[in-house]
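Dear colleague,

Please find below the structure that I am handing over to you, followed by an account of what was found in it.

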Amino acid sequence: KVTHPTLFPASHYIAFIDIKNSGRIVTSAAYTSQPSKTSFTYSFPVNAGDGDILEVTATCSFFGSKTSTLTILPSPLSTN
């Protein structure tokens, strides 16, 4: 989910989303607008396993970016 408030989603929008897995870019997407004026969701298939660290960066078409991380924890149902 991306939250990027704008009055003009066709000209001021999230232009890029990059996803890294443990420091390596695994997915990169470019956009020319955003689907709403506030929050929206994009889905990306990513191969990840226990202990991997996913880092997602959303970059604005005008200025700035924001990065969030997610660590993949072992499933409580997995057995060792």
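Four strands form an open sheet in the order 3-2-5-6, with antiparallel pairing; strands are DSSP runs (E, at least two residues; helices are H or I, at least four residues), numbered from the N terminus, and two strands pair if DSSP finds at least two bridges between them. The edges of the sheet are strand 3 and strand 6 (65-71), each of which pairs on one side only. On average, neighbouring strands in this sheet are turned by 15 degrees against each other, direction ignored; the axes are lines fitted to C-alpha atoms (for helices over the stretch in contact), with angles from 0 to 180 degrees between N-to-C directions.

The model is a predicted one, in which local features need pLDDT of at least 70 and side-chain atom pairs count only at pLDDT 80 or more, while totals for chains, interfaces and linings use all residues. Residues are numbered from 1 along each chain as its sequence is written, and side-chain values use heavy atoms, with hydrogens and water left out.

Pairing within the sheet

Strand 2 and strand 3 run antiparallel and are joined by six bridges; Ile-17 has Ala-29 in strand 3 as its bridge partner. These two strands form a hairpin with two residues between them, and Ser-22 in the turn has a positive phi of about 50 degrees. Gly-23 also lies in the loop between strand 2 and strand 3 and counts as exposed, at 59% relative accessibility (buried means under 20% relative accessible area, exposed over 50%, partly exposed in between, with a 1.4 Å probe and protein chains only). Between Gly-23 and Thr-38 there are 29 Å in space, C-alpha to C-alpha, at a separation of 15 residues in sequence.

Strand 2 also pairs with strand 5 in the antiparallel sense, over seven bridges, and the bridge partner of Phe-16 in strand 5 is Thr-59. Strand 5 is in turn joined to strand 6 by seven bridges, again antiparallel; Leu-54 stands opposite Leu-70 in strand 6.

Thr-27 belongs to strand 3 and is buried, with a relative accessible area of 17%. Leaving aside residues up to four places away in sequence, Thr-27 touches Ile-17, Asp-18, Ile-19, Phe-44, Pro-45 and Val-46, where contact means heavy atoms within 4.5 Å.

Nonpolar core

The largest nonpolar core has six residues: Val-2, Ile-14, Ile-17, Ile-19, Phe-40 and Ala-58. Strand 2 (residues 14-21) supplies the largest share of this core, three residues. Such a core is a set of buried Ala, Val, Leu, Ile, Met, Phe, Trp, Tyr and Cys residues joined through side-chain atoms within 4.5 Å. In soluble globular proteins, nonpolar side chains tend to be buried together. Phe-40 counts as buried at 6% relative accessibility. Its contacts, not counting residues up to four places away in sequence, are Lys-1, Val-2, Ile-14, Gln-34 and Pro-35.

Aromatic rings

The structure holds two aromatic pairs; rings of Phe, Tyr and Trp (its six-membered ring) pair if their centres lie within 6.5 Å, and planes under 30 degrees apart count as stacked, over 60 as edge-to-face and the rest as tilted. Tyr-31 and Tyr-42 form a stacked pair, 4.4 Å centre to centre with 0 degrees between the planes. Tyr-31 lies in the loop between strand 3 (24-30) and strand 4 (39-40), and Tyr-42 in the loop between strand 4 and strand 5 (53-60), so the pair ties together parts that are 11 residues apart in sequence. Phe-40 and Tyr-42 have ring centres 5.2 Å apart and planes at 65 degrees, so this pair is edge-to-face. Tyr-42 is partly exposed, with a relative accessible area of 22%.

Salt bridge

How many salt bridges does a search of the whole structure find? The search finds one, and the side chains that meet in it are those of Lys-20 and Glu-55 (3.9 Å, N to O). The pair links distant parts of the chain, with Lys-20 in strand 2 and Glu-55 in strand 5, 35 residues apart. A salt bridge is a side-chain nitrogen of Lys or Arg within 4 Å of a carboxyl oxygen of Asp or Glu. Lys-20 is partly exposed at 28% relative accessibility, and Glu-55 is partly exposed with a relative accessible area of 27%.

Yours sincerely
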